[in-house]
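Biologist: I am new to this one, so please pick a single part and take me through it closely, step by step.

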Amino acid sequence: MTTTTPVACKSCGAKIIFMRTNSGKYIPVNFDSVVGSGIPSYEIFNSKKHTSHFATCPYVATHRKKREN
Ligand SMILES: [Zn+2]
């Protein structure tokens with residue numbers, strides 16, 4: 001019954017939504033790659049249908065642990 005609603009990426013401001021993966025983790029997904037104004041909360045991320053925001057965010061490094069030096 002719940003619908004996932006889009007939020008703005010904290011790094012680049014792009015519209016994203018969080019989707020669950022097969023492994024139960026939530027990842028940011030480009031809103032553009034999702035049809036409609038939201039997705040049912042039970043829908044699982046599908047790399048063939050949806051685009052992970054990690055793949056396109058210009059600030060993706062800030063989403064991950066810093067690995068400097
Ligand atoms: Zn971003």
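**The zinc site**

Modeller: Cysteine 57 is buried, with a relative accessible area of 6% (buried means under 20%, using a 1.4 Å probe and protein chains only). This is a predicted model, where local features need pLDDT of at least 70 and side-chain atom pairs need 80 or more, while totals for chains, interfaces and linings use all residues. Residues are numbered from 1 along each chain as its sequence is written, and side-chain values use heavy atoms, leaving out hydrogens and water.

Now for the metal: the SG atom of Cys57 coordinates the zinc ion together with Cys9 (SG), Cys12 (SG) and His53 (NE2), at 2.1 to 2.5 Å. Donors here are N, O and S atoms within 2.8 Å of the metal (3.2 Å for Na, K and Ca). The 4 donor atoms subtend angles of 101 to 124 degrees around the zinc ion, so the arrangement is tetrahedral, a term that asks for all angles between 85 and 135 degrees.

Along the sequence, the donor residues follow the spacing C-x2-C-x40-H-x3-C. Histidine 53 is buried, at 2% relative accessible area, and cysteine 9 is buried too, at 4%. As for disulfides (pairs of cysteine sulfur atoms within 2.5 Å), the structure holds 0.

What about the neighbouring strand? Strand β2 covers residues 7-8 and stands at an edge of its sheet with a single partner strand, so one side of β2 has no neighbour there. That partner is β3 (residues 15-20), which runs antiparallel to β2 and is joined by 2 bridges; valine 7 has isoleucine 16 as its bridge partner. Strands are DSSP runs (E) of at least two residues, and two of them pair if DSSP finds at least two bridges.

Notes
Four donors count as tetrahedral if all angles lie between 85 and 135 degrees; four count as square planar and six as octahedral if opposite donors are over 155 degrees apart and all others between 65 and 115; anything else is irregular. Buried means under 20% relative accessible area, exposed over 50%, partly exposed in between (1.4 Å probe, protein chains only). Helices (H or I, at least four residues) and strands (E, at least two) are DSSP runs, numbered from the N terminus.
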